[in-house]
Amino acid sequence: MKVAFYERIWMWAATAIIVLFLGAIFVTAAAQAVQPPGHIETIDPAAVLSHPEFGTPVVTTRPDGSVVVPVVAGMFSFTPDPIEVPANVRVTFRLTSPDIIHGFQVVGTNANAMAIPGYVTQFSVTFPKPGEYTIACNEYCGLLHHNMVGKLVVK
Ligand SMILES: [Cu+2]
C-alpha cells in the first residue's frame, strides 16, 4: 500500500498529538494530583435539605484538628456561605447537590470538584495562605449560573 507523503506527515502529526494529550493526562494525574475523588457515597437528592449533615451544614473540627465542611451546591448558591476554615489544617469538603450538577472550585487553588445529585463528593485540601477566596460554580447549571459564587475565608 502506498501512502502519499503528505498523508504520512498528517498521520504522524495526529499520532504525536494523541501521544502528547495522553502524556499530559498521565503527568497531571501522577505529578499534580489531578484525580477523580476515590470515594463513593450516595444520598437521596430529595432528602438533602432535611439530611442531618446537609440540612444545616456547619464546619466542624475533628479531634485531630482537621476540619470537615459539608457543602450543599444548589441553584444558584453554596451553603454555607461564607465558609470559614483555618489555614494549614487539613480541610475535608463533602459536597452534594439537591438539584443538578454544579461545580465547586476554590479559585486560585487546586480545590475543584463536582457536586452531583445523588452522591457525596469528598476531597481534602490544605490552604497554606490565609485570605479570602472565591468559590465558583464551573458547571453550567442554568440561567443564573454566572451568579453562583461563594466565599471561602481562610484564617
Ligand atoms: Cu453553575
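Me: What radius of gyration does the protein have, against that of a compact globule of 155 residues?
Reply: This is a predicted model, in which local features need pLDDT of at least 70, side-chain atom pairs count only at pLDDT 80 or more, and totals for chains, interfaces and linings use all residues. Residues are numbered from 1 along each chain as its sequence is written, and side-chain values use heavy atoms, without hydrogens and water. The radius of gyration is taken over C-alpha atoms, and the globule rule is 2.2 Å times the number of residues to the power 0.38. A compact globule of 155 residues would come near 15 Å, but the protein has 20 Å.

Me: What share of the contacts with a separation of 6 or more joins residues 24 or more positions apart?
Reply: A contact requires heavy atoms within 4.5 Å. Among contacts in the protein with a separation of 6 or more, the share from residues 24 or more positions apart is 59%.

Me: What percentage of the residues in the protein is buried?
Reply: Burial is judged by relative accessible area: buried is under 20%, exposed over 50%, and partly exposed in between (1.4 Å probe, protein chains only). C137 counts as buried because its relative accessibility is 7%, and C141 likewise because its value is 5%. Of the 155 residues, the buried ones make up 34%.

Me: How many disulfides does a search of the whole structure find?
Reply: A disulfide is a covalent bond between the sulfur atoms of two cysteines. The criterion applied here is a pair of cysteine sulfur atoms within 2.5 Å. The number found in the whole structure is zero.

Me: Which residues is H145 in contact with, leaving aside its neighbours within four places in sequence?
Reply: H145 is placed in the loop between β9 (131–136) and β10 (149–154). H145 is buried, because its relative accessible area is 16%. With its neighbours within four places in sequence left aside, its contacts are F76, C137, N138, E139 and Y140.

Me: Which residue does a cis peptide bond join to F76?
Reply: F76 lies in the loop between β2 (67–74) and β3 (77–79). Most residues other than glycine have a negative phi, and most peptide bonds are trans. A cis bond, with omega about -5°, joins F76 to M75.

Me: What is the omega of the peptide bond from D81 to P82?
Reply: P82 is found in the loop between β3 and β4 (83–85). The bond from D81 to P82 is cis, and its omega is near 0°.

Me: What is the phi of N88?
Reply: N88 is in the loop between β4 and β5 (90–96). N88 counts as exposed because its relative accessibility is 55%. Its phi is positive in a residue other than glycine, at a value near 60°.

Me: How far apart in space are T56 and T79, C-alpha to C-alpha?
Reply: T56 lies in the loop between α1 (5–31) and β1 (60–61). T56 counts as exposed because its relative accessibility is 63%. T56 and T79 are 23 residues apart in sequence, and their C-alpha to C-alpha distance is 8.3 Å.

Note on methods:
Helix = DSSP H or I, 4+ residues; strand = E, 2+ residues; numbered from the N terminus.
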